[in-house]
Amino acid sequence: MPDGFSPTEAFAQHLTQCQPALYGYIISLIGDSDAAEDLLQQVNLVLWRKAGDFEAETNFKAWACRVAYYEVLTARKRFARDRLLFDESLLSQIAVDAAAATEQSETRRRALRQCMDRLSPSHRQLLQRHYANDETIKSIAESLSRPLQSVYQTFFRIRVSLLECVRRQYTDATEGES
Amino acid sequence: MKQTIGNNTELIALIESICAGEGSEAQRDQLAGLMQDDAVLRRFYVDYMQLHAHLRWELRARRLAEREMQSGDVRKATWRARLLTGSVLAVAAAIMLAGLIGWYYRAASPESGPPASRVGTTPPVAILTDFSADAEFSGTSEAMKLGGVLEHGALNLKAGKAQVMFNSTAVVDLTGPCAFELTGLNRGRLIKGRLQAYVPAQAKGFSVTAGRLRVVDLGTRFSLSTDEAHEHAQVRVLEGRVRVEVLSAQGEVVSAHELDAYQVAEWSSAEQRLTFGSMASGDEGIRVDLADLVAGGDGTQDQRGKALDPVTGASGMTEAAAAPSRSGDHRFHPVKDMPMVDGVFVPDNKHGPIQIDSLGRRFNGFGDTGGECYDLIWSGIPPDKRVSPGSLKGVDYAGRGDQWLWMHPNKAVTFDLAAVEQHYAVPVRRLTAEAHYLTPLKNMPAAFRRADGSSLRADLWVIVDGETRFVKRGFCAADGPIVVDVPLERGDRMLTLAVTGGVDGIEYDWVVVEAPTLHLWTIHEMPKTP
């Protein structure tokens, strides 16, 4: 950060607002949710230090994603191989798609909240156990006395149905705006 | 693509193992190989992983907030509900600083940087730290932004929820409809509606006035509600201790009383009196589900799939009315064998005031509704095949119908609050619900489409003992959910929930009242301690 520069309220606002989107972007690149949280912390610090580099009126999210991408590349060298997923060539391809998806992150997240409310209670409970209570899929499968693969399938179906619901809502919302 | 991926169990296992954080190196390499040359799969993977991230973010934030709320670490909870991780907490703390820096920065050099929301010539007193997706603000020309600085002045929340954090670090959660004025760095005024305040030790002394009442927090969590005329106000201490002050018309303190956790004070303007009590069972109390009552349950049994006939008063019906559109007979029909449901009727004032309860009270506010009703009052999803998940344009109601009271107008049902209180031996304190005007069918006949392209409309009423406590006239699908939150008082006896067709008849007025709930909790009178 240049001497004497203080991040503005607008900068802080941008940074706060883009947290979920940034988290989604990093998870797309590295897969591991816990490692993504660690990396998000690191990216936040770097963004804060680089606040002076950000040009007002430009796309904050795109800038933040670029910073995050380079942090992921740096982390590849620092972390053990098993913490990160893909080679640099695939990573750069995924980064392009992930950055594009990040642009609709807020709309999709709003839609997701509505879509989650429409899940059956049992599916909602499964998501709750895994995401909120940090239960692994394996332990959920054991507690339900179900084969692991069948629980994977259930989670896949829930997430695909949510993806479709979000897409529908998103399409309606963008059609409504036009 | 979905078909291909959905049927590819190997691919599902690969993606799911990555999502679960349990993938082996070989599995990751295998997935990478598949995605390398498949752009469609890559995009699916990205969408899928981002959904996974958003689920984790949303659900963990909710859970953390709940846990910390339960353990009393309220400030952390409210922040984390939005911000999730410790690292982001640091950023959030910086936002408070940045908000102030930003104000001074722009005040000193007004031409530099983009304009921030509501930054002007007076210092900011708080920051908007959260709001729900359905939050609707009025009276401001600028869009409210998360992290936006708030100056002195009123915040009008028409619907949804919002959270502000004062510079003192006191946090106030507002539930719309609500009007709250920020009057200082550590104080505010509740103009109408309901709030809940969380006051950490460093913000001790935070105060909120509501008419003649002032609540001075001594480091705690409390809720405050009042009507617009400030005829009634209620303070509930959820944790810690507050001081409740009664003010003169000139704002001088007439009397002051300290309340501890689970104690309640209620101000009555008519009686010019403050009464005190205590909540027996903490914050939550009992919730009585009106959809369950309509289906014949006791309000806690989740019964569904049964209907009341507003034309005859028949109960326990499981099939649609033979003739869906029928005329009411302008009479109130008691419902037998369901003590908590007083009766039903078809609301219409074409022939004058209509009886709305078994005590003979009459009401004349509905106007000429045409006196027809469509089908029955259904608990849950009605048997009409058109009302199935996916059949309504743009909205997927799968999994939600079980919370419905299907109230296609003109229909009214009256509940006996005294019977509810008697059944549970706990007073009824509040009614909450959300009304939705479901978007009409895509293939709605042209005859029912309005020539001016505007939407069909309906009216929603909550009437207590013949007095309108809530009305939303002319709402339509575009209005989104209509939030109903009606405080109930001791002595309130009959509550009528009614939906009428508005000015344009009842055709295609697909109205549901979602999660209609009576909230009960006990307040024990206790001697006033000056």
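## Two chains, two folds

Helices (H or I, at least four residues) and strands (E, at least two) are DSSP runs, numbered from the N terminus. By that count, chain B of this predicted model holds eight helices and 33 strands. Chain A has nine helices and zero strands. Its pattern along the sequence is α-α-α-α-α-α-α-α-α.

## Burial and contact range

Chain A has 178 residues, and 40% of them count as buried. Chain B has 530 residues, with 44% counted as buried.

Now take the contacts between residues at least 6 apart in sequence. In chain B, 58% of these join residues at least 24 apart. In chain A, residues 24 or more positions apart account for 69% of the contacts with a separation of 6 or more.

## A helix pair in chain A

Two packed helices are described by the angle between their axes and the distance between the axes. In chain A, helix α2 covers residues 19-30 and helix α5 covers residues 88-102. They pack at an angle of about 155°, and their axes are 9 Å apart. Angles over 145 degrees count as roughly antiparallel, so α2(A) is roughly antiparallel to α5(A). The crossing of α2(A) past α5(A) is right-handed.

Which residues meet here? From α2(A) come A:Ala21, A:Gly24, A:Tyr25, A:Ser28 and A:Leu29. From α5(A) come A:Leu91, A:Ile94, A:Ala95, A:Ala98, A:Ala99 and A:Thr102. By class, this contact has eight nonpolar, three polar and no charged residues.

## The largest nonpolar core

In soluble globular proteins, nonpolar side chains tend to be buried together. The largest nonpolar core in this model has 66 residues. Five of its residues touch the most other members: B:Val294, B:Ile377, B:Leu405, B:Val413 and B:Phe415. Strand β28 of chain B, residues 458-464, gives the most to this core. Its share is six residues.

B:Val294 shows how such a residue is surrounded. Leaving aside neighbours within four places in sequence, B:Val294 is in contact with B:Leu308, B:Val341, B:Ile377, B:Ser379, B:Leu405 and B:Val413. Of these, B:Ile377, B:Leu405 and B:Val413 are also among the residues that touch the most other core members.

Notes:
Residues are numbered from 1 along each chain as its sequence is written. Chains are lettered from A and ligands numbered from 1 in the order in which they are written. This is a predicted model: local features need pLDDT of at least 70, side-chain atom pairs count only at pLDDT 80 or more; totals for chains, interfaces and linings use all residues. Axes are lines fitted to C-alpha atoms, for helices over the stretch in contact, and angles run from 0 to 180 degrees between N-to-C directions. Angles under 35 degrees count as roughly parallel, over 145 as roughly antiparallel, 65 to 115 as roughly perpendicular and the rest as oblique. A crossing is left-handed if the near helix is turned anticlockwise from the far one by less than a right angle, and right-handed if clockwise. Two residues are in contact if their C-beta atoms, placed from the backbone, lie within 7 Å. Ala, Val, Leu, Ile, Met, Phe, Trp, Tyr, Cys and Pro count as nonpolar, Asp, Glu, Lys and Arg as charged, and the others, Gly among them, as polar. A residue is buried if 20 or more other C-beta atoms lie within 10 Å of its own, exposed if 12 or fewer, and partly exposed in between; C-beta atoms are placed from the backbone. A nonpolar core is a set of buried Ala, Val, Leu, Ile, Met, Phe, Trp, Tyr and Cys residues joined through C-beta atoms within 7 Å.
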